[in-house]
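User: I am new to reading protein models. Please take one part and look at it closely with me.

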Amino acid sequence: MSDITVKTMAQYMAEGKQPEVLFWVGCAGSFDDRAKKITRAFVKILNNIGIEFAVLGTEESCTGDPAKRAGNEFVFQMQAMMNIEVLNAYDVKKIVTTCPHCFNTLKNEYPSLGGDYEVLHHSQYLQQLINQDKLKIEGEVFKGKRITFHDPCYLGRGNDVYEAPRELIEKLDAELVEMKRCKTRGLCCGAGGAQMFKEPEKGNKDINIERTEEALEKEPQIIATGCPFCNTMMTDGVKHFEKESTVVVKDLAELIMEAKDL
């Protein structure tokens, strides 16, 4: 971990400073071994271009998304109120997160409870940094590679964010191949709505298998996604078809990190 620097909001406050942006890590990005790699990739990019950002560290708690989607509004509101209290105490204005579930909840559910922030998914934020000439992607690591992008539900259909992830992939000089069901017609990976945390119900095929089949039809070398849950589901799908040696599942942040050779 020595190659990355992460300061907490508490440290910034002690210095009497305010970071440009708060990075909301989320439960997956904090605890899931695969998703931690996405967190590290995103942090390496921000470190590399000198963005002043902070995390809440131990003061960050789950946004309450799984509780709300599973129908427990009471637990959701308790979680949300605790987080809003912390965020408002630090006078946070801008939040970026690598998880569409956190993104959707912070952006759309928190304002009515007193938590008003500018909330960005990391694909949007990285796109902003490119537009401001702060982030440059050179190198030809992915030149000509076939990449298909799986739209996370809470990013795409939930919040109409379709272009930012695709523009990032195009910046890699890769060949973006679209699945039959993409953008507004995208198919869920099967993990949303707190389904991630339970066993699948009876049926003749799991959703993530169906979705991975669609991706593999395009013969990609990389399945790109922008959500830790989708990443898990698509990776499981690739393993199911025993394609691990030819197809990898990567988050957008990981692709950019590799392109920049960080």
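Analyst: Start with one term: a residue is buried when its relative accessible area is under 20%. Keep in mind that this is a predicted model.

Now take helix H6, residues 100–109. Eight of its 10 residues are buried, so H6 is largely enclosed by the rest of the structure. The buried ones are Pro-100, His-101, Cys-102, Phe-103, Asn-104, Thr-105, Leu-106 and Glu-109.

His-101 is among the residues that line the largest cavity. Rolling a probe the size of a water molecule over the atoms shows where empty space is left. The structure holds one cavity of 30 Å³ or more. The largest cavity has about 60 Å³ of space. Its lining also includes Pro-152, Cys-153, Tyr-154, Cys-188, Cys-189, Ala-191 and Gly-192. Cys-227, Phe-229 and Cys-230 complete the list. Sort the lining by class, and you get nine nonpolar residues, two polar ones and no charged ones.

Which residues make the contact between H9 and H10? From H9 come Asn-208, Ile-209, Arg-211, Thr-212 and Ala-215. From H10 come Met-233, Met-234, Asp-236, Gly-237, Val-238 and His-240. By class, this contact has five nonpolar, four polar and two charged residues.

Stay with H9. Its buried residues are Asn-208, Ile-209, Arg-211, Thr-212, Glu-214, Ala-215 and Leu-216. What covers them includes H10, along with strand E6 (146–149) and strand E8 (222–225). Just after H9, Glu-219 takes a positive phi of about 50 degrees.

Leu-129 is found in helix H7, residues 122–131. At 2% relative accessibility, Leu-129 counts as buried. Leaving out residues up to four places away in sequence, Leu-129 touches Leu-46, Ile-49, Ile-51, Lys-134 and Leu-135. Look at Ile-51 in that list. Leu-129 and Ile-51 are 78 residues apart along the chain, and their C-alpha atoms are separated by 9.7 Å.

Definitions and conventions
Residues are numbered from 1 along each chain as its sequence is written. This is a predicted model: local features need pLDDT of at least 70, side-chain atom pairs count only at pLDDT 80 or more; totals for chains, interfaces and linings use all residues. Side-chain values use heavy atoms; hydrogens and water are left out. On a 1 Å grid over the protein atoms alone, a cavity is a set of points where a 1.4 Å probe fits but cannot get out, and a pocket is an open set with protein on both sides within 12 Å along at least five of seven lines; lining residues have an atom within 4 Å of a point. Grid points are joined across faces, edges and corners, and a volume is the space filled by probe spheres set on the points. Ala, Val, Leu, Ile, Met, Phe, Trp, Tyr, Cys and Pro count as nonpolar, Asp, Glu, Lys and Arg as charged, and the others, Gly among them, as polar. Contact means heavy atoms within 4.5 Å. Helices (H or I, at least four residues) and strands (E, at least two) are DSSP runs, numbered from the N terminus. Buried means under 20% relative accessible area, exposed over 50%, partly exposed in between (1.4 Å probe, protein chains only).
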